[in-house]
Amino acid sequence: MDLKGPSSDQVQARFSLSSPFVANKMVNELMRLLPDPRVPIVVVCIGTDRSTGDSLGPLTGTLLKERRPGHLHVYGTLEEPVHGKNLEQYLALIHVNHPDAFIVAVDACLGRATSIGNIVIGEGPLKPGAAMNKDLPATGNIHIAGIVNVGGMMEFLVLQNTRLHLVFSMARKLSETLKRVDREVMRRKEEAPVYSDTVIFPKAFNEKKSRENIRN
């Protein structure tokens, strides 16, 4: 649920939920980070509906699926949540179903009081469960994290006492944003030259694939 510490070349952008045209701004940032439109994109919405603060992921996944995206593959909903106990299994399933996918990880996180209501978008993975001292696999080529409450102490109780209104408002805005991203990706895919076999990836995605090839 906490972000994995960004590396020196990792860039993050913050967006206030109450900011005018915040969806437009987030769409632009996500389109900047996403790869060639021919690459499969998987959105992994992490969290559980058993905790108000941690329900941002499955709420976002449910609302996004209801919008019927045409290019984005969505994992993690209120009905079938992706959480600490099954995250590794879902990542293995995604690797089988979408072996060359670009993964967008969505999760709630805790932060400073002045940051509550902000949405963070950036390169690199999320580290789910870090606030609860859980050792879970880092997830995502890029991440979207909604700051839902104050971190620092008694995180479990803080999450349980997070306002549902904030979480739902954030999930609704994220689902709207990701659906618009889906439409833009579909448009770019239709306009992509059919004769070209070259697929262009962001720098961070290329570097990740190179490290995996070396290990294999």
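## A nonpolar surface patch

M153, M154, F156 and L157 make a nonpolar surface patch of about 450 Å². Patches are built from residues with over 30% relative accessible area and no salt bridge, nonpolar side chains (Val, Leu, Ile, Met, Phe, Trp, Tyr) being joined within 5 Å and like charges within 9 Å. Areas come from the Shrake-Rupley method with a 1.4 Å probe, and for residues only the protein chains shown count as cover.

M153 is exposed at 58% relative accessible area, where exposed means over 50%, buried under 20% and partly exposed in between.

## About the model

This is a predicted model: local features need pLDDT of at least 70, side-chain atom pairs count only at pLDDT 80 or more, and totals for chains, interfaces and linings use all residues. Residues are numbered from 1 along each chain as its sequence is written, and side-chain values use heavy atoms, leaving out hydrogens and water.

## Salt bridges along the helices

The whole structure holds eight salt bridges (a side-chain nitrogen of Lys or Arg within 4 Å of a carboxyl oxygen of Asp or Glu). In one of them, E29 pairs with R32 at 2.9 Å. E29 is buried at 13%, while R32 is partly exposed at 48%.

Let's turn to helix α5. R188 and E184 lie four residues apart there, about one turn of the helix, and their closest N and O atoms are 3.0 Å apart. Salt bridges with shared partners join E184, R187, R188 and E191 into one network.

Notes:
Buried < 20%, exposed > 50% of the residue type's maximum accessible area, 1.4 Å probe, protein only. Helix = DSSP H or I, 4+ residues; strand = E, 2+ residues; numbered from the N terminus.
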